Amino acid sequence: RFEDGTLQEIISNYLKTKALFGFNNVNEMKNDSVLSDGSFAKTLGYYNINYGGSAQYKIRNKTEDDIINEGSIIALSDTNLIAELVSIYVTPEMFGAKGDGQTDDTTSIQNAFDYAKEKELKVIFLAKTYMISDTLTIYSFMNIDGQGSANSFIKLIDNSLLISFQLKNL
């Protein structure tokens with residue numbers, strides 16, 4: 001018998017360190033107070049459910065070497081904790097891209113490329129239109145793919161030099 005509350009304390013401590021917590025989006029994860037060092041989180045989208053950017057994160061204590069980029073390393077409301085991306089591939093949405101044909105996604109795409117290079121991961125573009133305003137660095141031997149048989153587009157925001165190309169199962 002655990003009438004003194006011991007069982008509840010044991011369960012609470014287990015959940016704080018071993019559980020996988022689910023969130024609708026990154027903002028909900030950032031503001032949650034249950035996450036603790038050693039737990040895991042899954043988001044169903046970066047901004048909204050099913051809009052892209054669904055990802056899994058390991059929650060851990062922040063170190064002085066961590067660079068918060070709101071993609072591969074996300075600051076949590078508990079300033080001692082960060083959420084570190086854990087993935088076998090990346091999408092620009094995991095780094096905040098919208099792919100709505102209006103928002104400048106340059107930084108998000110570049111952050112996805114940089115992270116993919118560092119971790120040797122594939123970059124997958126969803127069937128969306130991504131707008132960019134600056135040069136992107138694509139690294140040699142980088143594996144970039146479009147989503148299934150659908151087309152993905154990257155366009156320059158500067159309308160005087162509107163360029164588009166398709167990423168289709170490269």
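Me: Let's start with Phe 95: buried or exposed?
Reply: The cut-offs come first: buried is under 20% relative accessible area, exposed is over 50%, and partly exposed is in between (1.4 Å probe, protein chains only). Phe 95 has a relative accessibility of 5%, so it counts as buried.

Me: What pLDDT do local features need in this model?
Reply: Residues are numbered from 1 along each chain as its sequence is written, and side-chain values use heavy atoms, with hydrogens and water left out. The model is predicted: totals for chains, interfaces and linings use all residues, side-chain atom pairs count only at pLDDT 80 or more, and local features need a pLDDT of at least 70.

Me: And what is the mean pLDDT of the protein chain?
Reply: pLDDT is the predictor's confidence in each residue, from 0 to 100. In this chain, 80% of residues reach 70 or more. Over residues 160-170, though, it is below 50, even if that stretch has 29 contacts (heavy atoms within 4.5 Å) beyond near neighbours in sequence. For the protein chain, the mean is 83.

Me: How many strands does the chain have?
Reply: Helices (H or I, at least four residues) and strands (E, at least two) are DSSP runs, numbered from the N terminus. By that count there are three helices, and the strands number twelve.

Me: Back to rings: which residue forms an aromatic pair with Phe 95?
Reply: Rings of Phe, Tyr and Trp (its six-membered ring) pair if their centres lie within 6.5 Å; planes under 30 degrees apart are stacked, over 60 edge-to-face, and the rest tilted. A search of the whole structure turns up four such pairs. In the one with Phe 95, the centres are 5.7 Å apart with 55 degrees between the planes, a tilted arrangement, and the partner is Tyr 115.

Me: How many residues apart in sequence are the parts which that pair ties together?
Reply: Tyr 115 is buried too, because its relative accessibility is 7%. Phe 95 is in the loop between S6 and S7 while Tyr 115 is in helix H3, so the separation in sequence of the parts tied together is 20 residues.

Me: Phe 113 and Phe 125 form a pair as well, so what is the angle between their planes?
Reply: Both of these residues are buried. Phe 113 and Phe 125 lie 6.1 Å centre to centre, and the pair is edge-to-face at 70 degrees.

Me: What angle does helix H3 make with S8?
Reply: S6, S8 and S10 form an open three-strand sheet in that order, with parallel pairing; two strands pair if DSSP finds at least two bridges between them. S6 and S10 (144-146) are the edges, each with a single partner strand, so one side of each has no neighbour in the sheet. H3 (residues 106-119) packs on this sheet and touches S6, S8 and S10. With axes as lines fitted to C-alpha atoms (for helices over the stretch in contact) and angles from 0 to 180 degrees between N-to-C directions, the direction of H3 makes with that of S8 about 155 degrees.

Me: In S10, what is the bridge partner of Ile 124?
Reply: S8 (residues 122-125) and S10 pair in the parallel sense over three bridges. Across from Ile 124, the partner in S10 is Asp 145.

Me: In the five-strand sheet, what is the average twist from one strand to the next?
Reply: This open sheet runs S1-S2-S3-S5-S4, with mixed pairing. S1 (20-23) and S4 (73-75) stand at the edges with a single partner strand each, so one side of each lacks a neighbour in the sheet. From one strand to the next, the twist averages 30 degrees.

Me: Which residue in S5 is the bridge partner of Lys 58?
Reply: S3 and S5 (residues 81-86) are antiparallel partners over six bridges. Lys 58 has as its bridge partner in S5 Glu 84.

Me: Last one: the charged end of Lys 128 sits over the ring of which residue?
Reply: The criterion is NZ of Lys or CZ of Arg within 6 Å of the ring centre and within 35 degrees of the ring normal. Lys 98 does this over Tyr 47, 4.9 Å from the ring centre. For Lys 128 the distance is 3.8 Å, and the ring is that of Tyr 51.
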